[in-house]
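My notes follow the display.

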Amino acid sequence: MTGSPLDLSETIVAQATAPGRGALSIVRLSGPNAHAVVRAAVDRWPSAARTVTLSHVRDASGRDVDQSVIIRYDAPASFTGEDSVELITHGGLVVATTVVAALIARGARLALPGEFTRRAVLNGKLDILQAEATGDLVNAKSRAAQGVALRQLDGGLSRRVLALRGELIGLEALIAYDIDFPDEDDGPIAPARIVAATERIVSALEQLLATSRTGELVREGALVVLAGAPNVGKSSLFNALVGEARAIVTDIPGTTRDAIEAVIDTSTIPLRLVDTAGFRDALDPIERLGVEMSESYVERAAVVLVCGDSDESMLGMRKALDGRSHVAIIAVRTKSDVAPPTAAQLAGYRDTLAASATVVVSAETGEGLSALLSAIAHVVSEGTGRQDVDAPLLTQERHRYAVTRALDEVRAFRDRWASRELPAPVAAVHLREAVATLEDLIGAVDVEDVLDEVFRRFCVGK
Ligand SMILES: Nc1nc2c(ncn2[C@@H]2O[C@H](COP(=O)(O)OP(=O)(O)OP(=O)(O)O)[C@@H](O)[C@H]2O)c(=O)[nH]1
Ligand SMILES: [Mg+2]
């Protein structure tokens, strides 16, 4: 049975926990026959919803496959809004699989990826933004991504979008009033009121759109590239920042050939730290490829840590950075335990490299490492216009697209309204479009095709 995600008459079952060795697993069912299917497979059934019962689970031939704890949920008070059951089984590779098989033998079918959450949306338990947040929470690779997903699940972004939709509908109502009384002197609505309301919405949509850069950084991490002449201590600094010996360190210049990447999970935006091959005019073709790769990382970086252990190695990097004025630079003077620089030298680095900050570090003693991390965090947050990661953020291309479209429509309305080039009812069509776009974003209206897009990324049992 393949099953269709649209057929809510079917009862679905899946293991919700990752397969593998572990103390416990969870098997969940949802659908009109969820209770009957489980009752047929167990010897004890919870007498009331949301209570637990320890029970034997038997396969189709009556053989015991587990002793599981059973929780029963009665519609509509469940995650999906349907009759549901959760079985907490013993863990491992076999037990949960045989429990699922025993339930399929009693008439359930295996759920498709994300099908439980999809049903929650179809039954009005979650909106689409919250359903996406469920997926983001499971897929979070950093504390920042976890926090953003949790707030979205709590409805933070949905409330923001709903408030904007409410303002747009308010504006539509003002215009409808104006259209109904066209001949009145100046109309009963002062035109300035409509202009002001439109401007407010345009700027709120612009602010929301501006959060998408931060949302992307929270998801992907900010690219922080260590660059500098060979042998200045880039790989040593990389290892010290990551907290383990990931990159090879030797006193031979040209040690690092490939770019090596590690994620540093900070409390705000995660950092994708990349160690690169030292910049020089390399003769060895392999090393030359390494240098080219370094250049391409510098090109894409949010922040470049220009490393040097002397004036010559530091100032020599100016040439490598030529034409890359869009990249933020932190001048990092390395090996401070050997020869600490003077304030005048540091000022020289800052000016020559157009650096946002200068930091003095030693991978040997650990000096300056936390100052460097703070400087990076500062530069990254400046780059996002100091967006607060605690505010609702647009995290997906789908969100950015919808808000961009809504903004375009409201701007089109504003221009047409101001020039009076179209009759008011025609100009107001743009507002209707903007409202519809925001409704698509939340899933307030017909949601089927949006759902297909959203649930492609889900795992089975979610
Ligand atoms: N005393 C001292 N030595 C350091 C420090 N950092 C690096 N070194 C030494 O400098 C030499 C080069 O270090 P690496 O980290 O390999 O330098 P790199 O910039 O990655 O070099 P390439 O990969 O060749 O470009 C090694 O001998 C390190 O032990 C430091 O903070 N203090
Ligand atoms: Mg190296």
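**Sheet and its helices**

I began with strand β8, which five bridges join to strand β9 (residues 271-275), the two running antiparallel; strands here are DSSP runs of type E with at least two residues, helices are runs of H or I with at least four, and both are numbered from the N terminus. I take two strands as paired if DSSP finds at least two bridges between them. Within this pair, Ile-264 stands opposite Leu-271 in β9.

I noted that this is a predicted model, in which local features need pLDDT of at least 70 and side-chain atom pairs count only at pLDDT 80 or more, while totals for chains, interfaces and linings use all residues. Residues are numbered from 1 along each chain as its sequence is written, and chains are lettered from A and ligands numbered from 1 in the order in which they are written.

Next I traced the whole sheet, which is open, has six strands in the order β8-β9-β7-β10-β11-β12, and shows mixed pairing. β8 (260-264) and β12 (357-360) stand at the edges with a single partner strand each, so one side of each is left without a neighbour in the sheet.

I then asked which strands helix α8 touches. Helix α8 (residues 234-242) packs on the sheet against β7 (222-228), β8, β9 and β10 (303-308), contact meaning C-beta atoms, placed from the backbone, within 7 Å.

**Ligand 1**

Finally I found 23 residues around ligand 1, the closest being Gly-233, Ser-235, Ser-236, Thr-256 and Gly-278, where a residue counts if its C-beta atom, placed from the backbone, lies within 6 Å.

Key:
Contact = placed C-beta atoms within 7 Å. Axes fitted to C-alpha atoms, helices over the stretch in contact; angles between N-to-C directions.
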